[in-house]
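My notes follow the order in which I looked things up.

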Amino acid sequence: MDYQAVLEEVAAHVEPQIGRGRVAQYIPALASVDADRFGIALADVDGRVTGVGDWERPFSVQSISKAFSLALVLAEDGEKLWRRVGREPSGNPFNSLVQLEYENGIPRNPFINAGALVVTDRLHTLTGDASTTMLDFLRAESGNPDLAFDRDVAVSESAHGDRNAALAHFMASYGNLDNPVPTLLEHYFWQCSIEASCRDLALAGGFLARHGLRADGSRLLSRSEAKRVNAVMLTCGTYDAAGDFAYRVGLPGKSGVGGGIIAVVPGRCTLCVWSPGLDARGNSVAGVAALDHFTTLTGWSVF
């Protein structure tokens with residue numbers, strides 16, 4: 001298949017939707033991002049990568065980082081994590097406090113903010129430095145040693161992170177955190193602040209298409225664990241729009257309010273698309289449309 005031609009067709013198809021939606025406003029450092037940007041990259045299981053548009057322009061990964069932190073914790077700790085976080089779609093906004101009270105401080109899944117805080121808490125306990133562990137992993141898998149944190153974004157998130165602090169303190173009151181809340185929040189915000197391009201993230205997510213094998217051929221996850229990460233991405237990876245994303249795209253995916261989405265075609269490739277304009281549920285308008293058209297053109301989905 002001529003991936004370049006396919007991606008060019010996808011970009012042309014979604015051009016009318018680029019710039020639609022609204023960039024993330026609740027993190028001031030993201031509010032000034034140009035909504036008219038668009039890039040998409042595809043990395044096959046052998047590490048060959050191609051892309052169009054702004055596919056090599058770095059952006060704030062935000063919640064895309066949650067897929068990588070989940071994989072790193074499962075690789076180190078196996079099934080123990082699931083005692084502290086569920087695997088069910090939430091049906092509520094990603095930063096909701098409501099379900100936590102009903103469910104005694106156990107987040108519904110690892111991709112809503114509460115669940116991601118639990119995962120980061122466990123990663124920090126296992127490694128001693130959750131944010132640097134994440135950055136080092138992304139550098140290794142993408143082959144880009146220049147990946148870095150965006151200090152302005154991290155500081156901005158910290159200054160406006162009251163809702164995340166509330167989630168963390170609430171879970172701590174139920175004994176579902178190991179580390180002090182300020183330490184946890186610091187590492188969580190720095191993880192989300194990592195800047196990477198579509199190219200970087202498509203390559204970094206390749207282990208999910210290779211059934212758990214890293215770029216160097218070593219095994220990060222068992223086939224079963226990789227399957228499970230993909231399954232949770234499919235059912236929970238796009239906040240409370242996961243059902244619509246599965247209906248339209250039919251691939252495991254993880255979005256972030258920076259406008260990026262990674263998607264996995266197991267056994268074939270990993271994609272990353274970026275366009276900062278978001279819909280009401282925090283997903284890239286043009287990004288979802290691009291992945292929808294990609295699976296329509298190729299016939300590739302998990303269904």
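**Ground rules.** I am working with a predicted model, where local features need pLDDT of at least 70, side-chain atom pairs count only at pLDDT 80 or more, and totals for chains, interfaces and linings use all residues. Residues are numbered from 1 along each chain as its sequence is written, and side-chain values use heavy atoms, with hydrogens and water left out.

**Whole chain.** I looked up the secondary structure and found 13 helices and eight strands. Helices (H or I, at least four residues) and strands (E, at least two) are DSSP runs, numbered from the N terminus.

I checked the overall size next. The radius of gyration, taken over C-alpha atoms, is set against a globule rule of 2.2 Å times the number of residues to the power 0.38. For 303 residues a compact globule would come out near 19 Å, and the protein has 17 Å, which agrees. The C-alpha atoms fill a box of roughly 55 × 40 × 35 Å along the principal axes.

I then looked at burial. Buried means under 20% relative accessible area, exposed over 50%, and partly exposed in between (1.4 Å probe, protein chains only). By that count, 57% of the 303 residues are buried.

Contacts came next, with contact meaning heavy atoms within 4.5 Å. Among contacts between residues at least 6 apart in sequence, 69% join residues at least 24 apart.

**Strand β1.** How many of the residues of β1 are buried? Six of six are, across residues 39–44. Gly 39, Ala 41 and Ala 43 point one way, while Ile 40, Leu 42 and Asp 44 point the other way.

I traced its neighbours. Two strands pair if DSSP finds at least two bridges between them. β1 has five bridges to β2 (residues 49–53), and the two run antiparallel. Leu 42 stands opposite Thr 50 of β2. The two strands form a hairpin with four residues between them. In that turn, Gly 47 has a positive phi of about 90°.

β1 is also joined to β8 (residues 269–274), by six bridges, again antiparallel. There, Asp 44 has Cys 269 as its bridge partner.

**Tyr 26.** I found Tyr 26 in the loop between α1 (3–14) and β1. I also checked Tyr 26 against Gln 191: they are 165 residues apart in sequence and 17 Å apart in space, C-alpha to C-alpha.
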